[in-house]
Amino acid sequence: MHIRELNIKEFENFVENNPLGNHNQSFNYALLMAENGYDYELIGYVDEYNRIYAASLILIKKINYLFKYGYAPKGFIIDYFNKKLLKEFTDDLIIYYKKKHLVFIKINPEIAICEINPKTKEKEYNCNIEVKDNLLDLGYVKLKDNLYFESMIPKYNGIVNLKDFDLKKLNKNTRNKIKRAETKGLKIEIADRSGIDILYNFVKRKRDKNAFYYKDYYNVFSKSNNIDLFLVSLNTHYFLLNAKSSYEQELEINNKLNTKLIENQNTKKLNLKMNSDRKLLSYKNDVLEATRKNSENSKIYIAGALVIKYKNRINIVMSGFDTHYKRFNPNYFLHYHILEYYKKYYDFADLNGMTGDFSKNNPYHGLNEFKLGFKPKVYEFIGEYDLKINPAIYNSMVNSGKLAKIFNKTDIKK
């Protein structure tokens, strides 16, 4: 067998019909990355009858004027359990790309090696752990396991089974926040490319990408109808009606509690009254803000997300919200309605990244708890590996810290 470049149709057919096929290993993703400084090749491992046994998008970027590195996003599309095939492909890959002056190829296969118990946070490993040994035996360099978001893609992920998705099955806190959001006059819509600028305002402080990157993302994947842009807006008229109603209802409760306290004061009644006072103040502020916003008669967007559709799953690749409206729980509203929208047509939803640290001291504890509230299955994936193409240059770059500088990532919050 030998390596050769595949045409688009050959590549897409192979990837789409393979269990490991994903949108990061697609021609659309190649086009996206080409707009962001990478060259790319679509390669296949074929026999004398032109039958394809493995394939991969290889993104290529210069290290300096002499050398380059390659990146196979979410790994090669190959049977990692077939040791003979994996070895032959790896050996031929080294020969093929050494001629093209690549120093190494980075991979991060989408292979889940364990499921994390949502209650105990203990890891339950599966047979995929064998792939780690297969890669190490062939000389792949296992990179550091990161708990947070230091790697090219998150090592931990939450996957929601859409066929079983139901509001009643969600975490109690999540259910309550979704229900409260429904009373605030929030509306969700599918927007066109012009909505990217709105969405970007919600994520620019926590992402290291500019608005053009997300516009490219939308442009590339929209040509094949594989992307949707969701925006959440505040219906100020509906918000005003609900705010007034909530205020009036709570005022009635507050007056009754006040009467009871006068008749007989105790700690329980006092706590209820204080809690009602807080709610009343919050509802009063809502009425004031809703009155002002409604008089301006303008549409206010407060959250949004980009969703990729590929095979039998969706991937919420990016989302954000206006922190000024955090009390309206727009992110809960947004994610719930996205999952509800797709559950008729797709099997799974990828929540796109969690951390492996489930302690309360984790700086991303809020992010983890938010996603866990939607009752996903949490998986740890196999992680990142480098395949040395030119060992001498690779080792020199590692020892000098050159590679660390190339892949140094700001710890971006999702």
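**Strands, helices and a few loops**

Trainee: Which residue in β5 stands opposite Lys68?
Mentor: Leu102 does. Strands here are DSSP runs of E with at least two residues, helices are runs of H or I with at least four, and both are numbered from the N terminus.

Trainee: What should I know about the numbers?
Mentor: Residues are numbered from 1 along each chain as its sequence is written, and side-chain values use heavy atoms, with hydrogens and water left out. The model is predicted, so local features need pLDDT of at least 70 and side-chain atom pairs count only at pLDDT 80 or more, while totals for chains, interfaces and linings use all residues.

Trainee: Back to that pair. In which sense do β4 and β5 pair?
Mentor: Parallel, over 4 bridges. β4 covers residues 68–72. Two strands pair if DSSP finds at least two bridges between them.

Trainee: How many residues of β5 are buried?
Mentor: 6 of its 6 residues, 102–107. Buried means under 20% relative accessible area, exposed means over 50%, and partly exposed is in between, using a 1.4 Å probe and protein chains only.

Trainee: How many residues of β2 are buried?
Mentor: 6 of its 8, so β2 (residues 39–46) is largely enclosed by the rest of the structure.

Trainee: What does β2 pair with?
Mentor: Strand β1 (residues 2–5) is joined to β2 by 4 bridges and runs antiparallel. There, Ile3 stands opposite Tyr45. β2 also pairs with β3 (residues 52–62), antiparallel over 8 bridges. Tyr45 has Ala54 as its bridge partner in β3.

Trainee: How many residues lie between β2 and β3 in the hairpin?
Mentor: 5. Asn50 in that turn has a positive phi of about 70°.

Trainee: New topic. What is the order of the 9 strands in the open sheet?
Mentor: β7-β6-β15-β9-β14-β13-β12-β11-β10, with mixed pairing. Neighbouring strands are turned by 30° against each other on average, direction ignored.

Trainee: Is Ser233 buried or exposed?
Mentor: Ser233 is buried, at a relative accessible area of 4%. Its place is in β11 (residues 227–234). Leaving out residues up to four places away in sequence, Ser233 touches Gly185, Leu186, Lys187, Glu189, Lys299, Ile300, Tyr301 and Ile302. Contact means heavy atoms within 4.5 Å.

Trainee: Now helices. At what angle do α5 and α10 pack?
Mentor: About 100°, with the axes 8 Å apart. α5 is residues 172–182 and α10 is 330–342. Axes are lines fitted to C-alpha atoms, for helices over the stretch in contact, and angles run from 0 to 180 degrees between N-to-C directions. That makes the two roughly perpendicular. The cut-offs in degrees: under 35 is roughly parallel, over 145 roughly antiparallel, 65 to 115 roughly perpendicular, and the rest oblique.

Trainee: Which residues meet there?
Mentor: From α5, Asn173, Thr174, Lys177, Ile178, Ala181 and Glu182; from α10, Tyr332, Phe333, Tyr336 and His337. By class that is 5 nonpolar, 3 polar and 2 charged. Nonpolar covers Ala, Val, Leu, Ile, Met, Phe, Trp, Tyr, Cys and Pro; charged covers Asp, Glu, Lys and Arg; the others, Gly among them, are polar.

Trainee: At what angle do α6 and α7 cross?
Mentor: Roughly 130°, with the axes of α6 (residues 196–203) and α7 (residues 211–222) within 10 Å. They are therefore oblique to each other. Ile196, Asp197, Tyr200 and Val203 of α6 contact Ala211, Tyr214, Lys215 and Tyr218 of α7. The classes are 6 nonpolar, no polar and 2 charged.

Trainee: What is phi of Asn352?
Mentor: Near 65°, a positive value in a residue other than glycine. Asn352 sits in the loop between β14 and α11 (365–372). Asn352 is buried, at 15% relative accessible area.

Trainee: And where is Lys375 found?
Mentor: In the loop between α11 and β15 (377–381). Phi of Lys375 is positive too, near 55°.

Trainee: Last one. How many helices and strands does the protein chain have?
Mentor: 13 helices and 16 strands. Of its 414 residues, 50% count as buried. The C-alpha trace spans about 90 × 45 × 45 Å along its principal axes.
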